[in-house]
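Q: Hey, can you help me look through this one? I'd like to go through it piece by piece.

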Amino acid sequence: MFTNRKGCTIYEKTVQNRAPTYIRHTTGEVYLEASSGQENGSDRKPDNGIFLSIPESSLSYVPKPGDLLVCDVIGDEQPPVTAVTITKVEDRRYGSPAVRHMEVNAE
């Protein structure tokens, strides 16, 4: 599978004492595609988002919607303000071992 980044950092959202806390996870090599758009008319929202494809061999944690994503491997234990929220996760770990992966969308 084609990759273009050395990895990313995912902050798993958990709740302790009714307050959100985060557990840091990193991945191996990933394919990342960022899109940005501009508003075109009053009824359209700009399409700003991140598509992330994580090969099965790079997967150390299965992300879920609500987790936070940073597009680089960083050592911070708490997510920075630049982290984006994962909105959708699709499990594509089937078929040939060469193409098994997880697809993640974030905004």
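Q: How do strand β1 and strand β5 run, and how many bridges join them?
A: Strand β1 (residues 9-16) and strand β5 (residues 68-70) run antiparallel, joined by three bridges. Strands here are DSSP runs of E with at least two residues, helices are runs of H or I with at least four residues, and both are numbered from the N terminus. Two strands pair if DSSP finds at least two bridges between them.

Q: Which residue in β5 is the bridge partner of Ile 10?
A: Leu 69 is the bridge partner of Ile 10.

Q: Before we go on, where does this model come from?
A: This is a predicted model, where local features need pLDDT of at least 70 and side-chain atom pairs count only at pLDDT 80 or more, while totals for chains, interfaces and linings use all residues. Residues are numbered from 1 along each chain as its sequence is written, and side-chain values use heavy atoms, with hydrogens and water left out.

Q: OK, back to pairing. How many bridges do β1 and β2 pair over?
A: Eight bridges, in the antiparallel sense. One of the pairs is Thr 14 with Thr 21 in β2.

Q: And what holds paired strands together in general?
A: Strands of a sheet pair through backbone hydrogen bonds, either parallel or antiparallel.

Q: What's the strand order in the whole sheet?
A: The order is β2-β1-β5-β6-β7-β4-β3, an open sheet of seven strands with antiparallel pairing.

Q: Which strands stand at the edges?
A: β2 (19-26) and β3 (31-35) do, and each has a single partner strand, so one side of each has no neighbour in the sheet. Neighbouring strands of this sheet are also turned by 30 degrees against each other on average, ignoring direction. That angle is taken between axes, which are lines fitted to C-alpha atoms.

Q: How many helices and strands are in the chain?
A: Zero helices and seven strands.

Q: New topic: what's going on with phi at Asn 17?
A: Phi of Asn 17 is near 55 degrees, which is positive even though the residue is not glycine. Most residues other than glycine have a negative phi. Asn 17 belongs to the hairpin of β1 and β2, which has two residues between the strands.

Q: What about Arg 18?
A: Arg 18 has a positive phi too, of about 65 degrees, and is not a glycine either. Arg 18 is found in the loop between β1 and β2.

Q: Are Asn 17 and Arg 18 buried or exposed?
A: Asn 17 is exposed at a relative accessible area of 78%, and Arg 18 counts as exposed at 83%. Exposed means over 50% relative accessible area, buried means under 20%, and partly exposed is in between (1.4 Å probe, protein chains only).

Q: Now Thr 27: where is it, and is it buried or exposed?
A: Thr 27 sits in the loop between β2 and β3. Thr 27 is buried, because its relative accessible area is 10%.

Q: Which residues is Thr 27 in contact with, leaving aside neighbours within four places in sequence?
A: Among them are Lys 6, Gly 7, Cys 8, Ile 10 and Val 73. Contact means heavy atoms within 4.5 Å.

Q: And what separates Thr 27 from Leu 69?
A: Their C-alpha atoms are separated by 11 Å, and the two residues are 42 residues apart along the chain.

Q: Last one: what share of the chain is buried?
A: Buried residues make up 32% of the 107 residues.

Terms used. Axes are lines fitted to C-alpha atoms, for helices over the stretch in contact, and angles run from 0 to 180 degrees between N-to-C directions.
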